[in-house]
Amino acid sequence: MRMASGVLREALIDVDAIAENVRHLRRLTGVEVIAVVKAEGYGHGAHRAALAALRGGATRIGVSDIDEALALRRRGIRAPLFAWLHAPGASFAEAVREDVELGISDIDQLLRAGEAAQGDRPAAVHLKIETGLSRNGIAPADWRVVFSEAARLERIGRLRVVGLFSHLSNASEVDDRAALAKFEEGVVLAAAAGLNPPLRHIAATHAAIALPEARLNAVRIGIGIYGISPFDDRSSADLGLRPAMTLRGAVAAVRRVPAGTGVSYGYAYRTETDTTLALVPLGYADGVPRQASGRGPVTINGRRFTVAGRIAMDQFVVDVGDHPVAVGDEAVLFGDPTLGVPSAREWADAADTIDYEIVTRIGARVPRREVGA
Ligand SMILES: *Cc1c(COP(=O)(O)O)cnc(C)c1O
């Protein structure tokens with residue numbers, strides 16, 4: 001297959017796949033889906049991921065930080081937005097003005113949220129309680145104080161507590177159940193303080209699928225909406241999900257070489273016979289992990305090869321043997337493996353990481369092109 005002329009490299013983003021993945025997970029879990037589009041939608045583009053997720057039935061959009069939420073508002077996303085990781089000491093005024101819900105992890109953040117209330121608009125918050133992950137979240141020793149202050153601020157109209165939430169470790173089912181039990185203690189204590197928020201959420205993709213009792217009344221789905229499995233032993237297809245990103249480039253040079261030819265920096269690969277080398281214009285600047293040198297898979301014209309030698313900043317070389325390959329042919333690094341191309345998981349394995357990192361780190365230099373819808 002030929003790439004369109006003029007295209008060097010691109011990431012195809014199938015927005016229908018995102019919408020369908022959300023629809024599928026919404027049906028599976030039976031609760032509200034908060035679609036997580038932090039970090040530019042795990043590399044897929046936050047705005048397009050948010051639009052597709054809302055089309056698929058998500059009712060709220062989650063991001064890590066307020067700037068990400070404000071960028072989505074500016075681009076016209078009207079759905080509820082929720083951000084949970086904040087700059088120390090920063091004002092929440094703009095977030096409240098733009099109707100961004102805040103994850104609150106300590107008393108200082110709670111008080112700042114109360115101060116950011118404007119006129120008759122209270123700050124909308126989700127209180128995050130620590131249940132074992134050891135990241136942020138209100139420590140159990142502080143629950144009583146924070147809950148009663150939140151209830152007071154709610155009574156005087158400066159705060160609206162929309163949710164209580166936490167995050168799981170996925171260390172084991174036993175650990176996740178223990179965290180869930182801890183969470184329920186927090187819910188009871190919050191109710192005793194007068195807080196009965198409409199939303200309770202603890203599950204990300206992994207627990208939303210594997211631990212039904214963790215679904216509560218909302219789930220925060222990130223990796224699943226992009227069609228990638230968070231399980232070591234279950235593929236996207238096993239879960240009924242379709243990967244949304246295909247990373248590909250146009251073969252930029254082809255060279256016939258004799259046996260013994262060194263390839264790329266350090267000559268870490270040498271040809272064993274007369275062979276053909278194809279140059280693929282994607283490198284570590286584009287997010288292709290150098291760690292996968294000599295190991296990463298790629299399909300060219302539907303045939304599977306392995307990276308030969310080191311991955312450089314902008315490019316890598318593939319030894320295609322005697323298979324016919326021409327400049328302009330399509331080289332696919334990963335996409336939907338049911339279509340015969342490698343998966344992001346294979347690149348993750350080759351680079352000793354997880355597929356979350358593979359898609360998220362695809363660089364800004366790679367144009368995203370939407371397909372579907
Ligand atoms: C990133 C994140 C999620 C989404 O996790 P996935 O495993 O991608 O579904 C959910 N909640 C929080 C707090 C997160 O940071």
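In this model, an N or O atom in the side chain of Arg220 lies 2.8 Å from a nitrogen atom of the ligand. The model is predicted: local features need pLDDT of at least 70, side-chain atom pairs count only at pLDDT 80 or more, and totals for chains, interfaces and linings use all residues. Residues are numbered from 1 along each chain as its sequence is written, and side-chain values use heavy atoms, with hydrogens and water left out.

| Side chain | Ligand atom | Distance |
|---|---|---|
| Lys38 | oxygen | 2.6 Å |
| Thr205 | oxygen | 2.5 Å |
| Arg220 | nitrogen | 2.8 Å |

Taken alone, the ligand exposes 390 Å², of which the protein buries 93%; areas come from the Shrake-Rupley method with a 1.4 Å probe. The ligand is surrounded by 13 residues, the closest being Lys38, Tyr42, Thr205, Ile223 and Tyr356; a residue counts if one of its heavy atoms lies within 4 Å.

Elsewhere, helix 6 (residues 107–116) packs with helix 7 (residues 143–155) at about 5 degrees, the axes being 10 Å apart. Helix 6 is therefore roughly parallel to helix 7, a term for angles under 35 degrees. Axes are lines fitted to C-alpha atoms over the stretch in contact, and angles run from 0 to 180 degrees between N-to-C directions. Helices are DSSP runs (H or I) of at least four residues, numbered from the N terminus.

From helix 6, Ile107, Leu110, Leu111 and Gly114 meet Val145, Val146, Glu149, Ala150 and Leu153 of helix 7, contact meaning heavy atoms within 4.5 Å.

Definitions and conventions:
Helices (H or I, at least four residues) and strands (E, at least two) are DSSP runs, numbered from the N terminus. Angles under 35 degrees count as roughly parallel, over 145 as roughly antiparallel, 65 to 115 as roughly perpendicular and the rest as oblique. A polar contact is a pair of N or O atoms within 3.5 Å; within protein, one must be able to donate a hydrogen and the other to accept it, and residues adjacent in sequence count only if both atoms are side-chain atoms.
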